[in-house]
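Thanks for coming. I will keep this short and talk about what is packed inside this one. Please have a look at it first.

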Amino acid sequence: MTFSALGLAAPLLQALETLGYKTPTPVQAQAIPAVLAGRDLMAAAQTGTGKTAGFALPLLQRLADSEEKVGSNCIRALVLVPTRELAEQVNASFRQYGEHLAVSSYAVYGGVSINPQMMRLRRGVDVLVATPGRLIDLFSQNAVKFKQVQTLVLDEADRMLDLGFAHELDTLFAALPKKRQTLLFSATFSDEIRSLAKGRLRDPLSIEVAPRNSTVKAIKQWVVPVDKKRKAELFLFMRKDRNWGQVLVFVKTKRGADELVGLLQAKRIKADAIHGDKPQASRLRALESFKTGEVQILVATDVAARGLDIDDLPQVVNYDLPIVAEDYIHRIGRTGRAGATGEAISLVCADEAPLLGAIEALIKQTLSRDEEPGFEPDHRVPLTGGAAQAPKKPKKPKVAGGRGKGVPSNWEGFDDAPARSAPRRPGGAGKPGGGGKGGMLRSAGKNGQKPKTAGTGKPRSR
Ligand code: AMP
């Protein structure tokens, strides 16, 4: 399969050659001919599958083919994205792919002055990439008009809903011309997304390039159980031990991001953070420095989980697990992109077991656990996934003298679990119940129960 066989014109093929794209990815092979034919799309595509080119290439071609001139303050195609970073990135992709075409593109988003955006829109823009909030501001001030919009793209639609843009999307749908082409892209398809699409897409072609909610196969994923207070130490150790080069690290909070960066910088490790409190300019600067290799460790909150496209990023570390399980898929999608292999390592403490359980349920896979010698947690991370399916409460003993009062309440639920009979490692001896909270078991990978994982053997590369 070639790009020219998909019906793309010479100026686009030339740009793709410059970029070194040789064959279309599966989502591109399906989306490009359909979009060129004017169809609506509902595409479930994982991060890093090439979905941006899947809509940008045919869109550019349709816009270049049509004779229509864009009017003042008008736009001909609208691409809605959840974050500023993604807006910049998608706009950059349009520019690259459309290098040899006379199709203009521009990105608007909040957090920066609205005036330059209003000025630029006066001349009209063929493709406007926008975050919903800022777009509504511009629309309400008449800086942008939708009457010429022929195509609407919702990129990472699930994320837009997660970020609370449902109301903005309703407003925009009401303002957009009813006769239009609509392309909806989402890494994951929830019921909310399906109801968002309902009645707003015309006989859409459904594309699903990977099983629902699965993670990219090229990514080796595993969990390192650790006590919360030793995460920083473990991270520093693993980085040195495994000779990590560039690492993208995800943390839960803005403060956590700043603290970790401070700690790394104190050790003379080049690190920077991106999170919602940082001005847009410094977020972009940090991302650029990371892309050029000047910054080795980029610490990010989930605001950065989407839209970062960094070539060949070998490691993603979940220093904290995400609160929203679906973010796990987006986070780790920063590695293993465009067919490259990658590693996604999650440092998980006992408190995070419910989050781990939710992630595993979503990806339908129990992540393997691999304790780091010297960092075995005192507070055991409770079992998750299949191993935790054992009955939570054992039947009350019928005979007198059975377990009754006086037994710590927290023995329940684990006593009858099949893993209980497995030999304990010496590190857990001495304290009742393996030294952990409530007699919780050791990690699945260590107690004789082989966890089901995508990868086989030890995923680490020393
Ligand atoms: P996306 O999923 O759109 O964020 O794209 C992920 C990465 O894959 C980007 O770095 C693209 O430049 C790259 N890419 C997209 N399509 C292709 C292709 N057909 N061949 C090689 N690289 C591609």
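I will go through the nonpolar cores and then the strands. Keep in mind that this is a predicted model.

The largest nonpolar core has 38 residues. Phe 55, Leu 57, Val 79, Phe 94 and Val 129 are those with the most contacts inside it. Several elements each supply at least two residues of this core, among them helix H1 (10-19), helix H2 (26-36), helix H4 (84-97), strand S2 (75-80) and strand S4 (125-130). The largest share comes from H3, with 7 residues.

Take Phe 94 as an example. Leaving aside residues up to four places away in sequence, Phe 94 touches Phe 55, Ala 56, Leu 59, Leu 60, Val 79, Ser 105, Val 127 and Val 129. There is also a second, separate core, of 36 residues, and Ile 75, Leu 152, Phe 165 and Leu 196 are included in that one.

Now the strands. How many residues of S4 are buried? The count is 6 of the 6, so S4 is largely enclosed by the rest of the structure.

Which strands pair with S4? One is S2, in the parallel sense, over 5 bridges. Another is strand S3, residues 105-108, which runs parallel to S4 and is joined to it by 4 bridges.

To get from S3 to S4, the chain passes through helix H5, residues 115-122. That β-α-β crossover is right-handed.

That is what I have for today.

Notes
Residues are numbered from 1 along each chain as its sequence is written. This is a predicted model: local features need pLDDT of at least 70, side-chain atom pairs count only at pLDDT 80 or more; totals for chains, interfaces and linings use all residues. Side-chain values use heavy atoms; hydrogens and water are left out. A nonpolar core is a set of buried Ala, Val, Leu, Ile, Met, Phe, Trp, Tyr and Cys residues joined through side-chain atoms within 4.5 Å. Buried means under 20% relative accessible area, exposed over 50%, partly exposed in between (1.4 Å probe, protein chains only). Contact means heavy atoms within 4.5 Å. Two strands pair if DSSP finds at least two bridges between them. A crossover is right-handed if, with the strands pointing away from the viewer, the path from the first strand over the helix to the second runs clockwise.
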